[in-house]
Amino acid sequence: MKGLKYNAVYRFTVIVSMVIKFIFQIYLFHLKTAIWDRQAKKRWNKLLEEMAKEYRVTAEKLGGVLIKVGQFLSSRTDFMPDVFINEMSGLVDHVPPMPYEYAKGLLQKEWGTDLGTHLKAIKRESVASASIGEVYVGVLKDGTDVAIKVRRYRIEEIFHKDFIALRMVFWIIKVLTAFGKKLDLKALFREFITVMDRELDFEQELEFGKFFKERFKENKNIHIPTYYEDLCTDKVLVMEWIEGAKITDTAFMKQHHIDVEQTTKTVFDFFMDQFLHAGKFHADPHAGNIIIQADGRVGIIDFGMVGEIKQKDVDHFKLFIQGFILENYDMVVEALTKMNFVLPKADKRKLKKVIEEATEKYSNGMLKEFDGNAMELIEEELDVVMKDDAIQLPADYAYLLRAISIVAGIIFAINPNINIIKWAKPKIKDWFGTKSIAESVAKQYVKNATEPILAYPRALLTWLESGEKDRQWDKEKHFINLKHQYYLLLEITSFIMVIVGFSISAYSITNSLEIMKWVGFIVTGIFTVIFSIILLIHHRFIRKRRNGG
């Protein structure tokens, strides 16, 4: 079984079949559930919890891309259910460690000499196990404590095998789910591959680490480790060891008399500087990568995942802010459209109304004490918009939104009573520039005055054209679409099983495994028949709908 972990066919089959199983369970649940009462919601949460546990166990067993995707999803509170997030959060810190002997052998191979040539000592037990690397504590010959990050066994091979399975998974989600229509999955797949492939490259991580150290060298509250370049390779990183505790360890702060509010402000300022300006940003800012030191400085480590904000993104976000300042919510929607957040078929008038109502609600006092509860209420408002197929999650902002979400969670975990609006105002003002705001107000004034006159007849015409027939047709269309997708799911499942059966046969013939060869032939034959039958039924269903049946 251990050897199968590195077999491409086995990994592909496990990953794709698990996803198909999840989609099948979700469709079945929705088809069987007519009324969403308390019991239905309870069963739904139970189903999600079981799926999340299965995913976590499979990810821990296989490693590779499944862990990275699980870690990504664990921070996406904007669209992932809580029961799934709770289960996935364990993947951040509980990746099974690899044997020390492998790490020792790799270090000696990469350095071309015994460990004793460069190290006075090294601890056999790793201090951190991640999906791509294992971290050990060592001591250089001059007595300097260092962190030594070693790439996992055959991890690059595993990742590139999983990329094939991930492509199939993305295609299945796009074809079979409504969620797939809210995302540009092709772009998101490319984004995943780019970031993960970059994380495999330790030489690239070294360059990012040096970049951030130089960028924040004047910030005395931030400590970015020094890298020992002569000991770094494409599979090994050696850097200064930063002693301390996780940033969320408030007991450590109390013990060392560290000002919690000042620490929170340091973290806030550090990441706001990255999120507001064009350039690179730390894309994996979970608590394990942000360290509070005994002297109160905040250490930032692990630059494997780094994203980039382009200047056009900054310009669009400024337009977004301008809209709120001017109370011009058409401008807000326009900015969201330019940022590719708004779906082509979205009802922009309805979206504008939701944004306007939400803004009025929060500006009446709720944001004066911006806390976790306010965040939850905002998320509920966003959920309404998402369910109306108005908003999508563009791939370009996937890692940025993830990073913002994680940082916000950390800040409120450290200091739940902070007034984050008070901190944000001067930063936004400096970022924006008062001249830009004044110019925008002047340019938009005339446009704002005429827009209500032009908008009224359009709204009246739309209202007159809609009615009960449209709503009834939407219900029927939804049911037909659901059934159509159900047939597609069965077709894809059976077709993949044909491929799996054929792959088993081919593998068995190559390796002279007689029994497995016949198992493969039988699986291929059975699912070829099933696929043909479902295809015929689906074809009849489509023909019947076209004929008005």
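Buried, in this talk, means under 20% relative accessible area, exposed means over 50%, and partly exposed is in between, using a 1.4 Å probe and protein chains only. The model is predicted, so local features need pLDDT of at least 70 and side-chain atom pairs count only at pLDDT 80 or more, while totals for chains, interfaces and linings use all residues. Residues are numbered from 1 along each chain as its sequence is written, and side-chain values use heavy atoms, with hydrogens and water left out.

I will start with I158. With a relative accessible area of 3%, I158 is buried. It lies in helix α6, residues 155–176. Helices here are DSSP runs of H or I with at least four residues, strands are runs of E with at least two, and both are numbered from the N terminus. Which residues touch I158, apart from its neighbours within four places in sequence? They are K5, Y6, R11, G64 and Y153, where contact means heavy atoms within 4.5 Å. I158 and G63 are 95 residues apart in sequence, yet their C-alpha atoms are 8.3 Å apart in space.

Now the whole protein. There are 19 helices and 11 strands. Of the 549 residues, 44% are buried. Among contacts with a separation of 6 or more, 68% are between residues 24 or more positions apart. The accessible surface comes to about 29,700 Å², and carbon and sulfur atoms account for 58% of it. Those areas come from the Shrake-Rupley method with a 1.4 Å probe; for residues, only the protein chains shown count as cover.

Next, two helices. Helix α1 covers residues 8–32, and its 25 residues should span 36 Å at 1.5 Å a residue; the end C-alpha atoms are 36 Å apart, which agrees. The expected span is 1.5 Å times one less than the number of residues. At the start of α1, a side-chain oxygen of N7 comes to within 3.0 Å of the backbone nitrogen of V9.

At its start, a side-chain oxygen of D259 reaches to within 3.0 Å of the backbone nitrogen of E261. The buried residues of α10 include F268, F270, F271 and F275.

On to two residues in loops. Q293 sits in the loop between β9 (290–292) and β10 (298–300). Is Q293 buried or exposed? It is buried, at a relative accessible area of 8%. Its side chain makes a polar contact with the side chain of H223, at 2.9 Å. A polar contact is a pair of N or O atoms within 3.5 Å; within protein, one must be able to donate a hydrogen and the other to accept it, and residues adjacent in sequence count only if both atoms are side-chain atoms. Beyond four places in sequence, the contacts of Q293 include H223, I242, F252 and G299.

N328 lies in the loop between α11 (311–326) and α12 (329–338). N328 is buried as well, with a relative accessible area of 4%. Its side chain reaches the backbone nitrogen of D330 at 3.2 Å.

Last, charges. Side chains of opposite charge can pair when their charged atoms come close. A salt bridge here is a side-chain nitrogen of Lys or Arg within 4 Å of a carboxyl oxygen of Asp or Glu. By this rule the count is 23 salt bridges.

One of them joins E54 and K21, with the closest N and O atoms 3.0 Å apart. E54 is in helix α2 (residues 38–62) and K21 in helix α1, so this pair links distant parts of the chain, 33 residues apart. Let me put that again without the "so": E54 in α2 and K21 in α1 are 33 residues apart, and the pair links distant parts of the chain. E54 is partly exposed at 27% relative accessibility, and K21 is partly exposed at 38%.

Another salt bridge joins K68 and E199, at 3.1 Å between the closest N and O atoms. K68 lies in helix α3 (residues 65–74) and E199 in helix α7 (residues 185–200), so the pair ties together parts that are 131 residues apart in sequence. Both K68 and E199 are buried.

R154 and E157 also meet in a salt bridge, at 2.7 Å from N to O. R154 is partly exposed, with a relative accessible area of 31%. Salt bridges that share partners also join K149, E205 and D302 into one network.
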